[in-house]
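Hello,

Please find the structure below. My notes follow it.

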Amino acid sequence: MQFAVEQQRDVIARFLQSPAYLSLVDQTPRSNCFNSPQWLTPWLYQRDMQPILVTAKAENELLGCLVLALHSLHRWGISFNSLQWLGYPYTDRVVVPHNNALPNVVEDMISYVDQLTNVNWDLLELNELDLNNHEISVQHAAQLPHISIEPRCLVPVTDLTTYSIPSKFRREIKRRNKQLSAQGNFQYRLLQPDMAGMQLLITEYANIEQQSWKGQHGLTVLNNSSLSQAICQLAHTENVICSELRLKEQVIAYRLGFIFNHRYFDYNIAYLPEFGRFAPGRSTLYYLIEHGSSLGIQLVDASRVGMESQHLLFESHSHLQQHSRLRLYNQTTAGQWLKWWETGKSYWGLIKRFRRYRSASALNFGSL
């Protein structure tokens, strides 16, 4: 097996459009829209990072690839260079494209990155890693002394072929809609916009997002030019679906997501705060669930959730999707410091949990 590293942006862009890469994505189990060249290419030209492509080949056949970006980050009081998946932190799920007949190629590529000397990196961090595709291979890689894999979150997924909206939610939405009708004529819409239509919608959606609670907390994303371009490129290939709620012809709530292999990834939502009492988030979600099959949706995937935040699909999911985080620490001073810091945090977390358990046990004993 031969490995290679490429750092030229235009060369990587051509690679992402090549038949070899597209074929590799097609044969990778559970590959998604975040592996598509439409999503990845716009991120190549961000100025604050350096793209890194690692490929594995045998007899000129592409066996696997890591599409990474080198960022300069500052965390925990230290500056360091981190290798992330291209599109970080906007990529919701990481699936490493690889030949399904050779699952250990993922382990081999990670081991190769560990030996890189011509790239100045301290930490390889893959957030939202989908281990279901290559769990055995990555777990083997975890035996390296300076690599860690930890659970990150469980993402709810709803199967539309077997799911029906509970009557209590239907009654709630009906009641909210009746209250909303007092404000004027309203309409739900399910759209699959083209590229030109998406460009207009992003402007409208970005304005709503800025006025929503996300804008108040500085959590808006649609103002990122690379993200907007990536969304429009996906719309060009009919991979974007929007669920809207309009009042008097004006959008007051939207839900934007991507469809890939009949799976809808729920990516971004916002609504005007003065209409929050009408449950626009639940309404746009269940309108999508009820009518999404007309656009080819079979699975509604929450795409990503925070460790503590709750997605509405937790109320109605068919199964949960495990996300993990892989960290590979380089032998540099910064890399070893990061490893020491993370190890210390883990031990401190265990100590705090033990103290809480001991306190709870003492309280229970005293109440007997």
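Where is Val157 found? Val157 sits in strand 6, residues 147-159. Strands are DSSP runs of E with at least two residues, helices runs of H or I with at least four, both numbered from the N terminus.

First, the provenance. This is a predicted model, in which local features need pLDDT of at least 70 and side-chain atom pairs count only at pLDDT 80 or more, while totals for chains, interfaces and linings use all residues. Residues are numbered from 1 along each chain as its sequence is written, and side-chain values use heavy atoms, with hydrogens and water left out.

The chain overall:
- The chain has 11 helices and 12 strands.
- Of its 368 residues, 51% are buried (under 20% relative accessible area, with exposed over 50% and partly exposed in between; 1.4 Å probe, protein chains only).
- Accessible surface is about 17900 Å², and carbon and sulfur atoms account for 51% of that (Shrake-Rupley method, 1.4 Å probe; for residues, only the protein chains shown count as cover).
- Of contacts between residues at least 6 apart in sequence, 74% join residues at least 24 apart (contact: heavy atoms within 4.5 Å).

Back to Val157. Its relative accessible area is 0%, so Val157 is buried. Setting aside residues up to four places away in sequence, Val157 touches Arg263, Leu299, Val300, Asp301, His317, Ser318, His319 and Gln321. Val157 and Ser318 are 161 residues apart in sequence, yet 5.8 Å apart C-alpha to C-alpha.

Now His71. This residue lies in strand 3, residues 61-75. His71 counts as buried because its relative accessibility is 9%. Beyond neighbours within four places in sequence, the contacts of His71 include Asp48, Met49, Phe80 and Tyr88.

Best wishes
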